[in-house]
Amino acid sequence: MAMLEVKDLEVFYGVIQAIKGVSFEVNEGEIIALIGANGAGKTTILHTVTGLITPKKGHVIFEGQDITKTPAHKIVKLGMAHVPEGRRVFSQLTVYQNLKMGAYSRSDKNEIEESLQMVYKRFPRLEERRNQIAGTLSGGEQQMLAMGRALMSNPRIIVMDEPSMGLSPILVNEIFDIIQSVSASGTTVLLVEQNAKKALGIADRAYVLETGKIVQEGRATDLMDDESIKKAYLGE
């Protein structure tokens, strides 16, 4: 059984249908990439999966449980964390306070402290800046903070929306190295990413989205070699 199953999803904004019968699955331990042009519906899918949007039709199944109409805060408690597009850190709070906010659904103080030390180990810059106001961090540091905050909930699966957006090439490489290390440590990853080449470079499998529909799917290495994908998304 897949860890996450999305079945026949249909999402509307008013009369406009944004998602048109999308189905996909994510197996435990995988990195799955959703790629596609702006406006293809990638973020809408993530918002639906994490409980921020309720679909008109279809189901979201997480570890055998139908979570289609489950509120977002309860989905976090089930083991799914969301790193939103645009980072969305609490800009008036310190780095440390942001990270503690990520653990709001947990109660064991020792386990929370263990997670905090794990995040600091993975993101040494966050420890250096733990007392700094989050809004004063660079874009790359805010992205690290958003990822660290999500990891503080001790998720089984982490959903990331455009983690490389607006970052320099060096920082993009660093963020993708971190995503791989998060995966290697046992957390499943569902990744939406505009940089298709980078996403396919670390993913196990990928789904290609166009105007609310999945038009291609397969092993990431196969899609990297596909001529139509190269032309449309890889700039080759």
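Biologist: Which order do the 4 strands of the open sheet come in?
Modeller: This is a predicted model, and in it the order is β2-β1-β4-β5, with antiparallel pairing.

Biologist: And which are the edge strands?
Modeller: Those are β2 (16-26) and β5 (65-66), each of which pairs on one side only.

Biologist: OK, how many bridges join β1 to β4?
Modeller: There are 5 bridges between β1 (residues 4-13) and β4 (residues 57-62), and the two strands run antiparallel. If you want a spot to look at, Glu5 stands opposite Ile61 in β4.

Biologist: Which strands does helix α1 lie across?
Modeller: Helix α1, residues 42-49, lies across β1, β2 and β4. Its direction is at about 115° to β1.

Biologist: Switching to the surface: which residues make the nonpolar patch?
Modeller: Tyr13, Val15 and Ile16 make it, and the patch covers about 370 Å². Tyr13 sits in strand β1.

Biologist: What about Met3, buried or exposed?
Modeller: Met3 is buried, with a relative accessible area of 4%. You'll find Met3 in the segment before β1.

Biologist: How far apart are Met3 and Arg156?
Modeller: In sequence they're 153 residues apart, but C-alpha to C-alpha they're 9.2 Å apart in space.

Definitions and conventions
Residues are numbered from 1 along each chain as its sequence is written. This is a predicted model: local features need pLDDT of at least 70, side-chain atom pairs count only at pLDDT 80 or more; totals for chains, interfaces and linings use all residues. Side-chain values use heavy atoms; hydrogens and water are left out. Two strands pair if DSSP finds at least two bridges between them. Contact means heavy atoms within 4.5 Å. Axes are lines fitted to C-alpha atoms, for helices over the stretch in contact, and angles run from 0 to 180 degrees between N-to-C directions. Patches are made of residues with over 30% relative accessible area and no salt bridge: like charges are joined within 9 Å, nonpolar side chains (Val, Leu, Ile, Met, Phe, Trp, Tyr) within 5 Å. Accessible areas come from the Shrake-Rupley method with a 1.4 Å probe; for residues, only the protein chains shown count as cover. A salt bridge is a side-chain nitrogen of Lys or Arg within 4 Å of a carboxyl oxygen of Asp or Glu. Buried means under 20% relative accessible area, exposed over 50%, partly exposed in between (1.4 Å probe, protein chains only).
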